[in-house]
Amino acid sequence: MALYIGVMSGTSLDGLDIALIEQNPAINLIGTHYIPMPDDLRTELLSLCASGPDEIARSALAQQHWVTLAAKGIHALLEQHALKPQDIRAIGSHGQTIRHEPARGFTVQIGNPALLTELTSITVVSDFRSRDVAAGGQGAPLVPAFHEALFGERAGNRAVLNVGGFSNLSLIETDKPVAGFDCGPGNVLLDAWIHNQRGEHFDRDGQWAAGGQVEPALLNALLSDPFFLTKGPKSTGREVFNLGWLQHHLARLPAFQAENVQATLLELTALTIVESLQSAQTDTETLLVCGGGAHNATLMKRLAALLPSTQVSSTATYGVDPDWVEAMAFAWLAHCCLEGIAANRPSVTGARGLRVLGAIYPA
Ligand SMILES: Nc1ncnc2c1ncn2[C@@H]1O[C@H](COP(=O)(O)OP(=O)(O)OP(=O)(O)O)[C@@H](O)[C@H]1O
Ligand SMILES: [Mg+2]
C-alpha cells in the first residue's frame, strides 16, 4: 500500500484540485482539498497563455505564487489526515499549462517542482506531457490509461468524458487498447463568454444558456473550425479556442442576444462531444462524465437527449466523485513514473511508443 498526492490545476483556471489516493493496488480516494484560484494569479496565468513582455521572469514569479498555494493545500491535507510528509510516496503535480503546441514540438506546464519538493519535503513528479510530445505524440490526453485502470473491469462499451476547460474522451472496450482524444472546448468558451458579458466566472448549472436559443448560423460557423473536422490523435488548448476565436466568428455575423450566444456555445460543446463519441465508438452503453461540466445540468440533459440509447451519468454512479478524477489521475501517474510503468497510450496520443512519463524531484 502506498499513498500519493495528485495536484491538478486545469485549463479552466478555476482552482487547484488536490487529491490523496491509496494505491493498494486498487485505487482509492482518501482525501481532497480545493484551493480557488486567486483573481490576480488567474489573470497573470491567462495572460501567460499568449505571448507578451518579459514572459520568462513573469512565468517564474507566477509559478512561485502557484506552488506556494499548492504546498499550503498539501500541508492542510496532511494535517487533516494526521499524516507526515514521509508517509507520502510522491506528489504528482501537473502544473499549469500555459502553452500546448504539440505540432511545433512543445507543451509547457509551469509549477516549479523543485520548490514544491522543498516546501513539502515530499518527492515530486512533474512534467508529464513533454516525453510523449518528444516521442511524436500529442502529450494529451494522458488520462485514458487511468480511466481504464479505474473503470476497465466493467463490461460493455464504455466511454469516460472529462469536461474541464476542454473536453476529452476515453473509449474503453473489452480486448481493445483504450482510445481517446480531445473533443474540443468544454467549459472554456462558456466561462469566457459569461465573464465577458456578466463578469461571472461560470454559468452555474448552465442556467443562463438554458434561457437562450441556439443560433444555427453561429453554430455552423463555429463547427467549421478545422479542429472539429480532423480525426484523432488530436488535442487542443487556449491557443485555438479562446474569447478572440469566438469574437472573430461573431464579428462576421449579425448581432445575437448574449444568452443565445451562451446557448449556442453549450450546444457546440454537447454536439462536438457526441459527434466525437459516435465517430469512435458504436453501441456505447455508458457515458461516464467527470470534471466541472458534470455539474452543468443543462449540458448533462443535452448529452442525454443526443444519446438516447446510452446511459449518461456522472462517474459518481460508479463510486468516483467527478470533481477528483483528474487530480487522482496525476497521483496515479506519479506512481507509474516511480514504478517505471509507461502511462501514455500511443493509440491515444499518436506517440511512437509507450513511454514512462514525468521528471522526478526526490525529497
Ligand atoms: N455547478 C456548475 N455548473 C456549471 N458549470 C460548472 C459547475 N461547476 C463547475 N463548472 C464548470 O467547471 C469548470 C471547472 O472544471 P474543472 O475543474 O474540471 O476544469 P479544469 O480545471 O479545466 O480541469 P482539466 O483541465 O483537468 O479538465 C468551471 O470553470 C465551470 O465552467
Ligand atoms: Mg479545475
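Asp39 is partly exposed, with a relative accessibility of 48%. The structure is a predicted model, in which local features need pLDDT of at least 70 and side-chain atom pairs count only at pLDDT 80 or more, while totals for chains, interfaces and linings use all residues. Residues are numbered from 1 along each chain as its sequence is written, chains are lettered from A and ligands numbered from 1 in the order in which they are written, and side-chain values use heavy atoms, with hydrogens and water left out.

**Salt bridges**

Asp39 takes part in a salt bridge with Arg42, a salt bridge being a side-chain nitrogen of Lys or Arg within 4 Å of a carboxyl oxygen of Asp or Glu. Arg42 is buried, at 15% relative accessible area. Both residues belong to helix H1 (residues 39-48), and because they are 3 residues apart there, about one helical turn separates them. Helices (H or I, at least four residues) and strands (E, at least two) are DSSP runs, numbered from the N terminus. An α-helix has 3.6 residues a turn, so residues three or four places apart point the same way.

The structure holds 8 salt bridges, including the following.

| Salt bridge | Closest N to O distance |
|---|---|
| Asp39 and Arg42 | 2.7 Å |
| Arg198 and Glu200 | 3.5 Å |

Arg198 is partly exposed, with a relative accessible area of 43%, and Glu200 is partly exposed with 33%.

**Helix H1 against helix H2**

H1 packs with helix H2 (residues 55-80) at an angle of about 140°, and their axes are 10 Å apart. Axes are lines fitted to C-alpha atoms, for helices over the stretch in contact, and angles run from 0 to 180 degrees between N-to-C directions. H1 and H2 are therefore oblique to each other; angles under 35 degrees count as roughly parallel, over 145 as roughly antiparallel, 65 to 115 as roughly perpendicular and the rest as oblique. The crossing of the two helices is left-handed, a term for a near helix turned anticlockwise from the far one by less than a right angle, with right-handed meaning clockwise.

Contact means heavy atoms within 4.5 Å. Among the residues of H1 that meet H2 are Leu41, Leu45 and Leu48, and the H2 side includes Ala62, Trp66 and Leu69. By class, this contact has 6 nonpolar, 3 polar and 4 charged residues. Here Ala, Val, Leu, Ile, Met, Phe, Trp, Tyr, Cys and Pro count as nonpolar, Asp, Glu, Lys and Arg as charged, and the others, Gly among them, as polar.

Trp66 of H2 also touches Gly95. Gly95 lies in the loop between strand S4 (88-93) and strand S5 (96-101) and is buried, at 3% relative accessible area. Ile110 is another of the residues that Gly95 touches; the two are 15 residues apart in sequence, yet their C-alpha atoms are 5.1 Å apart in space.

**Helix H6 and its end**

Several residues of helix H6 (residues 188-198) are buried, among them Leu190, Trp193 and Ile194. The elements that cover the buried residues of H6 include strand S9 (166-172), strand S10 (179-185) and helix H11 (258-280). After H6 comes Gly199, which has a positive phi near 75°.

**Backbone features in loops**

Most residues other than glycine have a negative phi, and most peptide bonds are trans. Leu13 has a positive phi, near 60°; Leu13 is in the loop between strand S1 (2-8) and S2 and is buried at 2% relative accessibility. Asp205 likewise has a positive phi near 60°. The loop that holds Asp205 runs between H6 and H7, and Asp205 is partly exposed at 33%.

The bond that joins Asn24 and Pro25 is cis, with omega about 5°, and Pro25 lies in the loop between strand S2 (15-23) and strand S3 (27-36). The bond from Ala140 to Pro141 is cis, with omega near -15°, and Pro141 is found in the loop between helix H4 (130-134) and helix H5 (144-151).

Methods: Buried < 20%, exposed > 50% of the residue type's maximum accessible area, 1.4 Å probe, protein only.
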